[in-house]
Amino acid sequence: MLSMPAADTTASARTESRTPTAEQPAASGSAKYLGWLFAVAIAAAAFNLRPVVTSLGPLLKQVRDDLGMNPTLAGLLTAVPSLCFGLFGFAAPAAARRIGPIAVVTAGMGAITAGVLARSFAGGTAVFLLLTALALAGVAVSNVLLPVVIKRYFPDKVGPMIGLYSMALSAGTALAAAVTVPLTKSLGGDWRYGLGVWAVLGALALVLWLLVLIAKRERGERAAGAAAPVRLPITRSRTAWALAGYFGLQATGAYVVMGWMSQIFQDAGIGEGTTGVLLAVTMVIGVPVSFVLPNLAARRGDQRLFVVVLACCGIAGYAGLALAPAGGAWLWAVLLGLSNCAFPLVLTMIGLRARSAGGVAQLSAFAQGIGYLVSIPGPILVGWLYGATGEWYWPLGFLSLLLVPQMLFGLRAARARHIEDEAVRPAERAEA
């Protein structure tokens with residue numbers, strides 16, 4: 001049963017101790033329903049974090065042709081998510097300290113809704129990129145702060161709640177990839193309708209978060225009666241740097257797959273509708289795995305086995321996609337879907353590598369901010385290699401090679417450590 005942590009109900013508990021016991025069930029029931037509303041809002045937010053990108057992949061050729069994009073510029077478009085996530089991700093903790101993480105996530109849902117809707121009316125590439133960046137800014141702050149919200153309000157259920165979050169994220173990713181093409185055709189074939197319709201789901205998530213915001217009445221650092229978190233010298237932590245490297249390299253592969261996999265299959269002679277389904281298979285694999293994997297990882301002090309298995313799946317998937325894209329299309333889609341489950345794994349490790357919600361906020365911002373900035377060159381280079389050679393051997397070989405340092409970073413990040421222990425000077429550690 002989902003419930004809010006004791007920190008949020010301390011004051012009411014004191015009141016209840018001085019009032020008749022008949023009032024206690026009502027208070028308990030209110031907390032229970034608020035807990036369920038919060039969980040649904042988290043799932044709804046997660047569901048909206050990827051359609052901004054994966055709805056674009058199957059329609060990228062139409063968008064390129066209509067707006068006059070060349071392959072290099074399209075590669076830049078697939079790098080925009082990483083750029084926005086890096087830049088706005090760094091700003092998220094400061095905004096959360098000022099007005100509270102719930103308010104920031106609510107604003108993020110508003111930015112996603114407005115950006116997705118408005119870009120469908122864009123008349124040129126520059127406007128399209130700017131409005132996509134607006135939506136991705138909302139995704140960025142939500143990416144960073146949803147694990148913080150989970151750590152703060154569900155401290156005893158981090159594994160299951162990260163699993164719910166990851167599963168909903170994967171479901172939104174897969175649904176957008178699978179239905180965008182047929183939905184676009186049913187709406188007359190215009191890509192603008194096919195992309196803009198996803199604003200409806202953003203609006204639903206925005207309503208849920210507005211309800212949570214009203215119910216919680218959060219006020220920055222003092223929400224839940226907590227003291228302001230201690231600022232950690234996080235750059236001294238090797239685990240934090242390892243998580244940033246692992247996050248950045250897995251993001252490189254994930255956004256290349258989301259942005260270019262449909263094009264790879266289309267170049268191999270597979271129809272547009274089928275390529276959307278193949279991309280959906282890659283994403284839908286993450287739905288059950290993203291729910292199970294965080295729970296399994298949270299039960300272990302060490303997650304190195306998962307790091308190695310996911311990297312091996314990626315190497316096999318890229319190799320197959322380069323050598324026989326049409327012959328084993330479904331298998332490659334499954335393998336790359338498993339490889340992309342490095343995302344829920346790294347989110348889980350972020351939640352486990354810090355002791356407090358404040359530590360998770362700093363680690364999440366650092367790992368995701370640095371990680372997404374690290375991932376920016378990858379999609380651009382893939383687009384340039386494809387444009388220069390007209391083939392996918394070199395881009396896919398490059399992605400396979402990236403999995404080696406990704407695995408090495410992951411092996412370091414997966415060790416049972418806390419950043420609070422590493423982000424202090426040796427003398428301070430000795431005094432403690």
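Buried denotes under 20% relative accessible area, exposed over 50%, and partly exposed the range in between (1.4 Å probe, protein chains only). The structure is a predicted model, in which local features need pLDDT of at least 70 and side-chain atom pairs count only at pLDDT 80 or more, while totals for chains, interfaces and linings use all residues. Residues are numbered from 1 along each chain as its sequence is written, and side-chain values use heavy atoms, with hydrogens and water left out.

**Figure 1. Salt bridge between aspartate 66 and arginine 192.** Aspartate 66 is partly exposed, with a relative accessible area of 43%. The closest N and O atoms of the aspartate 66 and arginine 192 pair are 3.5 Å apart; a salt bridge is a side-chain nitrogen of Lys or Arg within 4 Å of a carboxyl oxygen of Asp or Glu. This pair links distant parts of the chain, with aspartate 66 in helix α4 (residues 60–67) and arginine 192 in helix α9 (residues 191–196), 126 residues apart. Helices (H or I, at least four residues) and strands (E, at least two) are DSSP runs, numbered from the N terminus.

**Figure 2. Salt bridges of aspartate 302 and aspartate 421.** The whole structure contains three salt bridges. In the pair formed by aspartate 302 and arginine 304, the closest N and O atoms lie 2.6 Å apart. Aspartate 302 is partly exposed at 21% relative accessibility, and arginine 304 is partly exposed at 37%. The side chains of aspartate 421 and arginine 355 meet at 3.0 Å, N to O. Because aspartate 421 belongs to helix α20 (residues 419–422) and arginine 355 to the loop between α16 and α17 (357–375), this pair ties together parts 66 residues apart in sequence. Aspartate 421 has a relative accessibility of 36% and counts as partly exposed, as does arginine 355 at 48%.

**Figure 3. Helix α19 and its cover.** Helix α19 (residues 393–413) comprises 21 residues and reaches 31 Å from its first C-alpha to its last, close to the 30 Å expected at 1.5 Å a residue. The expected span is 1.5 Å times one less than the number of residues in the helix. Among the buried residues of α19 are Pro395, Leu399, Leu403, Met407 and Ala413. Their cover includes α11 (238–267), α14 (304–323), α15 (329–339), α16 (342–352) and α18 (377–389), where contact means heavy atoms within 4.5 Å.

**Figure 4. Helix α14 and its cover.** From first C-alpha to last, the 20 residues of α14 reach 29 Å, close to the 28 Å expected at 1.5 Å a residue. The buried residues of α14 include Phe306, Leu310, Cys313, Gly317, Tyr318 and Leu321. Among the elements that cover the buried residues of α14 are α11, α13 (286–299) and α19.

**Figure 5. The largest nonpolar core.** A nonpolar core is a set of buried Ala, Val, Leu, Ile, Met, Phe, Trp, Tyr and Cys residues joined through side-chain atoms within 4.5 Å. Of the 131 residues in the largest core, Phe38, Ile42, Phe128, Tyr165, Trp209 and Leu345 touch the most other members. Helix α11 provides the largest share of this core, 16 residues. Apart from neighbours within four places in sequence, tyrosine 165 contacts Ile42, Ala46, Leu49, Asn143, Leu146, Ile150, Phe343 and Leu347.

**Figure 6. A nonpolar surface patch including Phe90.** Leu83, Leu87, Phe88, Phe90 and Leu373 together have about 410 Å² of accessible area, computed by the Shrake-Rupley method with a 1.4 Å probe, only the protein chains shown counting as cover for residues. Patches are made of residues with over 30% relative accessible area and no salt bridge, with like charges joined within 9 Å and nonpolar side chains (Val, Leu, Ile, Met, Phe, Trp, Tyr) within 5 Å. Helix α5 (residues 71–99) supplies the largest share of the patch, four residues. Phenylalanine 90 lies in helix α5 and is partly exposed, with a relative accessible area of 37%.

**Figure 7. Surroundings of asparagine 340 and proline 182.** Asparagine 340 is placed in the loop between α15 and α16 and counts as buried at 17% relative accessibility. Not counting residues up to four places away in sequence, asparagine 340 touches Gly253, Ala254, Val257 and Thr282. Proline 182, in helix α8 (residues 158–186), is partly exposed, with a relative accessible area of 44%. The C-alpha atoms of proline 182 and glycine 276 are separated by 9.1 Å, the two residues being 94 residues apart along the chain.
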